[in-house]
Amino acid sequence: MIGRLLTRLIDAQGGWTKPLGDAVHGVLHPLFQRFPALRDLLNGRWLGHPLHPASTDIPIGILLLVTVFDVLGQPEAARVSLVVGLLAMSASALSGFADFADTDGRARVRGTLHATVMVVALFGYLVSLVLRLGAASSPAAAWLAGLAFLVVVFGAYVGGDVVYVLGNMVSRHAFRGAGTKWIALEPAELEADGSIPVGRPIRAKLGINGLVLVNDGTRILALHDTCAHAGGPLPDGRLVDGQIECPWHASRFEMATGHVRRGPSVYDQPAYEVRAREGGGWEARRTPAAG
Ligand code: FES
């Protein structure tokens with residue numbers, strides 16, 4: 001099967017993609033940490049959807065046009081498409097770098113291959129553009145653009161792998177049911193008087209789900225304990241202005257609503273309602289979806 005063959009080929013690159021990826025990550029992670037608003041913009045938090053996979057369609061479509069116009073003998077249209085495609089490719093790369101800055105493990109290794117392949121394609125397209133400057137038409141430039149497009153297709157395949165096979169930037173709650181039945185809540189810690197400790201995150205069990213609870217002194221707030229971004233343990237995070245900050249990549253979610261307030265997560269966190277149970281203790285349910 002072609003997929004298995006390509007996976008073997010991709011995994012065989014780990015000898016150089018891992019150290020290269022770690023080195024690039026070592027630069028990008030602290031850089032984007034310093035500019036959270038820029039990172040949120042590039043991640044797509046404002047959109048509620050990862051920006052990079054959406055933005056990549058634009059340069060791929062335009063760069064395909066370069067070859068279409070070359071084949072049709074329209075060198076001027078091919079040249080304009082190439083310039084626009086290169087600009088779109090560069091803009092899309094920025095959103096990819098923002099995602100990469102908070103990517104770990106195998107996804108980082110494959111993401112490095114994806115980015116490297118795209119840089120090779122970008123270089124090929126740049127040389128193709130140079131060959132076209134000052135020439136009415138250039139068969140070499142057209143062939144080079146065609147080859148570069150094949151490289152782009154392979155790079156897109158690897159990028160798709162990072163999402164569809166490794167689940168990078170996929171919501172960790174994508175397959176969670178939305179059942180809203182009240183279930184007994186079991187906090188992992190209680191004060192001597194049986195109350196939930198105030199002002200700090202507490203672990204709790206709700207059936208098969210783990211929650212993070214915060215007693216703000218007036219009510220018990222609860223979110224799912226697994227960060228939507230990449231599965232970080234929210235009970236190990238810290239509270240900042242009513243938000244829980246993930247200990248892995250510092251996404252922040254409002255404890256009262258689950259709304260994401262800072263990336264790299266672009267997804268909200270499942271929120272739960274908590275109430276006192278008749279006869280003592282607590283029960284909770286997933287907050288019903290609005291509307
Ligand atoms: S796992 Fe990445 S921010 Fe929580």
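Strand 4 (residues 220-224) has 5 of its 5 residues buried, so the rest of the structure largely encloses this strand. "Buried" here means that 20 or more other C-beta atoms lie within 10 Å of a residue's own; 12 or fewer makes a residue exposed, anything in between is partly exposed, and the C-beta atoms are placed from the backbone. Strands (E, at least two residues) and helices (H or I, at least four) are DSSP runs, numbered from the N terminus.

Keep in mind that this is a predicted model: local features need pLDDT of at least 70, side-chain atom pairs count only at pLDDT 80 or more, and totals for chains, interfaces and linings use all residues. Residue numbers start from 1 along each chain, as its sequence is written.

**Two domains**

- The protein chain splits into domain 1 (2-164) and domain 2 (183-286), with bounds that come from an automatic or database domain assignment.
- Between the C-alpha centres of domain 1 and domain 2 there are 38 Å.
- Where the two touch, domain 1 brings 11 residues and domain 2 brings 6 residues; two residues are in contact if their C-beta atoms, placed from the backbone, lie within 7 Å.
- On the side of domain 1 that touches domain 2, you'll find 3 nonpolar, 4 polar and 4 charged residues. For this count, Ala, Val, Leu, Ile, Met, Phe, Trp, Tyr, Cys and Pro are nonpolar, Asp, Glu, Lys and Arg are charged, and the others, Gly among them, are polar.

**The barrel**

- Here 6 strands close into a barrel in the order 1-2-3-4-9-10, with antiparallel pairing; two strands pair if DSSP finds at least two bridges between them.
- Strand 1 (residues 183-187) and strand 2 (residues 202-206) share 3 bridges in the antiparallel sense, and Leu185 has Leu206 in strand 2 as its bridge partner.
- Strand 1 also runs antiparallel to strand 10 (residues 282-286), again with 3 bridges, and there Leu185 stands opposite Trp282.
- Strand 3 and strand 4 are antiparallel and joined by 5 bridges; Val214 faces Leu221 in strand 4.
- The hairpin of strand 3 and strand 4 has 4 residues between the strands, and Gly217 there takes a positive phi near 100°.
- On to strand 9 (residues 271-276): strand 4 pairs with it in the antiparallel sense over 2 bridges, and Ala222 has Tyr272 as its bridge partner in strand 9.

**A closer look at Leu213**

- Leu213 sits in strand 3 (residues 209-215).
- Why does Leu213 count as buried? Because it has 27 C-beta neighbours inside 10 Å.
- Beyond its neighbours within four places in sequence, Leu213 is in contact with Pro187, Ile196, Ile202, Ala204, Ile220, Leu221 and Ala222.
- Pro187 is 26 residues away from Leu213 along the chain, yet their C-alpha atoms are separated by 7.9 Å.

**Nonpolar cores**

- The largest nonpolar core has 29 residues, and those with the most contacts inside it are Val66, Met118, Ala121, Tyr125, Ala145 and Ala148. Such a core is a set of buried Ala, Val, Leu, Ile, Met, Phe, Trp, Tyr and Cys residues joined through C-beta atoms within 7 Å.
- Helix 5 (57-71), helix 6, helix 7 (105-132) and helix 8 (139-164) each supply at least two residues of this core.
- Apart from this core lies another, of 26 residues, among them Ala230, Ala250, Met255 and Val266.
- Leaving aside its neighbours within four places in sequence, Met118 is in contact with Ala93, Val152 and Gly155.

- Asp241 lies in the loop between strand 5 (238-240) and strand 6 (243-245), and its phi is near 50°, a positive value in a residue other than glycine.
- Asp241 is exposed, because 9 other C-beta atoms lie within 10 Å.
- Ala250, in the loop between strand 6 and strand 7 (252-254), also isn't a glycine but has a positive phi, near 70°.
- Ala250 counts as buried, with 20 C-beta neighbours inside 10 Å.
- Gly263 and Pro264 are joined by a cis peptide bond, with omega about 20°; Pro264 is in the loop between strand 8 and strand 9.
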